[in-house]
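Dear colleague,

I am passing on the structure we spoke about, and I would be grateful if you could look through it with the notes below beside you. They begin with a point of naming and then go through what was found.

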Amino acid sequence: MDLDALYQEIILDHYKNPHHKGLRDPYEAEVHHVNPTCGDEVTMRVHLSGEGDVAVVEDVSYDAEGCSISQAATSVMADLVIGKTVPEALAIHEEFLALMQGRGAVEPDEEVLEDGIAFAGVAKFPARVKCALLSWMAWKDATSQVLGARTNGVAAESKEQS
Amino acid sequence: MRPSRDHGETKGELMDGLLPELEVIRADFPILTRQLADGFPLVYLDSANTSQKPQVVIDAMVDHLERHNANVARAMHQLGAESSAAFEEARDKVAAFINAPSRDEVIFTKNASEALNLVANTLAWARGPLEIGAGDEVVITEMEHHSNIVPWQLLTERKGATLRWFGLTDDGRLDLSNIDELITERTKVVSLTWVSNMLGTVNPVAEIARRAHEVGAVVVVDASQAAPQMPVDVVAADVDFLAFTAHKVTGPTGIGVLWGRRELLEQLPPFLGGGEMIATVKMERSTYAGIPHKFEAGTPPIVEAVGLGAAIDYLSAIGMDNVKAHEEAVTGYALEGLSTIKGLTVLGPQTAQNRGGAIAFEIDGIHPHDVSQVLDSRGIAVRAGHHCAKPAHKRYGVQSSTRASSYLYTTPAEIDALIEGLEYTKKYFRVD
């Protein structure tokens with residue numbers, strides 16, 4: 001069993017020093033996702049600017065508790081999506097999802113996934129795939145909540161804390 | 001010096017309480033010879049999750065399917081008679097195993113969860129003295145498995161009753177200091193686990209049952225972790241209902257047991273409706289069979305009952321007192337070994353006294369999933385997560401833990417492998 005394929009240095013680095021951690025203002029949607037089988041939890045806030053195809057992910061902030069894989073995946077994801085347009089970020093999400101569901105047979109594209117390629121080995125450990133995907137699912141959920149609120153004409157104003 | 005894995009037997013002979021001829025017992029469990037990835041021998045420390053099965057259980061089930069298979073109670077042919085006899089014989093064995101006053105008080109369910117849900121649901125439907133209403137209270141504990149929490153939440157929500165619970169002390173025991181405030185004239189049900197699946201704590205069931213009976217409450221005991229590792233006597237414990245599951249007592253999955261006091265079972269309404277649970281059916285209404293069949297609608301888990309019967313024979317031949325002594329010895333040895341690991345904290349009692357074989361722990365700086373992943377790469381099977389006991393984890397301020405759980409086939413050498421594996425895990429994640 002190739003543990004080192006699972007626990008790449010990049011993953012352990014992100015685990016020990018997570019990027020973009022902490023909950024910040026402003027944000028338009030906050031979600032809480034859990035992995036009921038293992039108890040991993042993430043609270044995630046998404047801040048978007050602009051609308052439709054030109055909506056930009058201005059910030060992703062989070063408070064998370066879980067294993068090295070889920071924590072590192074959250075950190076890498078925030079790195080990848082912040083500053084991208086929503087369609088660009090969704091495309092990266094699709095690419096990462098394909099990698100995770102590829103059972104180790106998918107060759108990751110470093111141009112797109114950057115540090116995310118370190119998760120290629122996780123795909124060979126089916127029990128851990130859900131760890132790597134938890135925060136991506138949370139981000140997608142939060143993002144669609146913001147966009148959904150906007151399309152429905154609901155004022156999606158930033159929730160600044162007083 | 002800790003013995004290496006090859007010298008476990010030598011160490012075993014020196015340790016008080018270990019089952020004699022442990023290697024002979026291990027040979028009864030074919031799976032224990034499994035080699036896992038990279039040639040590591042299996043070190044199975046997840047028996048609180050499910051136990052492994054001895055050859056006699058496997059053989060009994062295969063023999064039943066090969067030679068005696070038929071439906072029970074309805075088939076009038078020879079095979080039907082054989083199958084019915086085998087099924088009902090399992091009921092006799094269960095009754096003897098828990099010292100039930102009557103075999104009719106033993107009800108086969110799907111698992112322990114269904115057994116507990118059977119009690120909670122039929123109590124919700126009960127009329128008369130057992131009826132639960134607004135203002136009544138159900139008392140559980142903070143160390144319950146989710147399957148002994150959620151059914152009571154459902155019951156109290158449906159009936160407008162109140163759910164209350166015993167808290168836990170810092171050392172992993174039930175906090176009984178407020179027992180007289182918790183168990184009062186309003187208390188209708190007290191439901192608790194005999195042995196915690198997370199903390200390992202053995203609870204003073206008889207003492208709590210005595211107090212509950214003083215106020216006329218019904219006492220329900222989850223014996224899922226107790227039945228595998230200690231003698232269970234429903235008369236001595238003086239409880240009213242007791243649930244356990246076959247797959248943790250070296251039997252198969254798919255069958256659980258509910259024992260209940262006859263007069264209570266007779267007062268409760270049926271649980272599921274269907275074949276076998278009736279006396280007669282007319283289009284307008286039905287009358288119901290007597291216990292236990294009143295609570296066993298549909299074709300029961302027949303071959304599973306045969307397997308459970310063989311498992312009980314197996315454990316009884318070894319002797320539950322001996323199994324208990326073995327568990328205590330191995331648990332004590334494990335607690336001692338774990339205490340040598342820097343940064344490791346055991347959740348629950350720190351000594352083997354009044355403690356079962358499940359040991360949950362955390363290691364500073366390494367998440368339980370990562371601990372179990374690294375252990376697994378060395379053939380060591382443990383459980384990581386909340387072990388279906390989220391409230392108990394919350395009580396101790398942790399989200400999840402790693403749990404090692406031994407059984408009658410566990411050797412001191414396997415505990416050594418665990419300790420070595422944990423030191424390796426710390427090195428792997430560069431934790432001091």
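Helices (H or I, at least four residues) and strands (E, at least two) are taken here as DSSP runs and are numbered from the N terminus. In that numbering, B:Pro292 lies in the loop that runs between strand E10 (286-288) and helix H12 (302-318) of chain B, and the peptide bond that joins B:Ile291 to B:Pro292 is cis, with omega about 5°. Please keep in mind throughout that this is a predicted model.

On confidence, chain A has a mean pLDDT of 88, with 93% of its residues at 70 or more. The exception I would point out is the stretch of residues 155-162 of chain A, where the pLDDT is below 50, although the model gives this stretch 13 contacts beyond near neighbours in sequence. Where pLDDT is low, the predicted coordinates should not be read in detail.

Turning to chain B as a whole, its secondary structure comes to 16 helices and 15 strands, and its C-alpha atoms fill a box of roughly 70 × 55 × 35 Å along the principal axes. A compact globule of 432 residues would have a radius of gyration near 22 Å, and the 22 Å found for chain B agrees with this. Of the 432 residues in chain B, 53% are buried, and among its contacts between residues at least 6 apart in sequence, 71% join residues at least 24 apart.

Chain B contains an open sheet of 7 strands with mixed pairing, in the order E2-E8-E7-E6-E5-E3-E4. Its edges are E2 and strand E4 (162-166) of chain B, each of which pairs on one side only, and neighbouring strands of this sheet are turned by 20° against each other on average, direction ignored. Within it, strand E8 (residues 256-260) of chain B has 5 of its 5 residues buried, and it is therefore largely enclosed by the rest of the structure. A parallel pairing in chain B is that of strand E5 (residues 187-193) with strand E6 (residues 218-222), joined by 5 bridges, with B:Val190 opposite B:Val219.

There is also an open sheet of 4 strands in chain B, antiparallel in its pairing and ordered E11-E12-E15-E14. Strand E11 (344-347) and E14 of chain B form its edges, each pairing on one side only, and its neighbouring strands are turned by 30° against each other on average, direction ignored. Strand E12 (residues 358-363) and strand E15 (residues 401-405) of chain B run antiparallel and are joined by 4 bridges, with B:Ala360 opposite B:Arg403. Helix H13 (residues 320-338) of chain B packs on this sheet, where it touches E11, E12 and E15 of chain B, and its direction makes about 5° with that of E12(B).

The contact between the chains takes 13 residues from chain B and 11 residues from chain A. On the side of chain B that touches chain A, helix H14 (368-376) and strand E14 (383-385) of chain B each supply at least two residues, and H14(B) gives the most, with 4 residues. By type, the residues on that side of chain B divide into 3 nonpolar, 8 polar and 2 charged. H14(B) is mostly covered, with 9 of its 9 residues buried, among them B:His369, B:Asp370 and B:Gln373.

A few backbone details remain. Chain A has a cis peptide bond between A:Asp25 and A:Pro26, with omega about -5°, and A:Pro26 lies in the loop between helix H2 (9-16) and strand E1 (29-34) of chain A. B:Glu21, although not a glycine, has a positive phi of about 55°; its place is in the loop between helix H1 (8-14) and helix H2 (22-27) of chain B, and it counts as exposed because it has 10 C-beta neighbours inside 10 Å. B:Arg430, also not a glycine, has a positive phi of about 55° and is found in the segment after helix H16 (412-428) of chain B.

With best wishes

Conventions:
Residues numbered from 1 in each chain as written. Chains lettered and ligands numbered in written order. Predicted model: local features only at pLDDT ≥ 70, side-chain atom pairs only at ≥ 80, totals over all residues. Contact = placed C-beta atoms within 7 Å. Nonpolar A, V, L, I, M, F, W, Y, C, P; charged D, E, K, R; others polar. Rg over C-alpha atoms; globule rule 2.2 N^0.38 Å. Buried ≥ 20, exposed ≤ 12 C-beta atoms within 10 Å, placed from the backbone. pLDDT = per-residue confidence, 0-100. Pairing = 2+ DSSP bridges. Axes fitted to C-alpha atoms, helices over the stretch in contact; angles between N-to-C directions.
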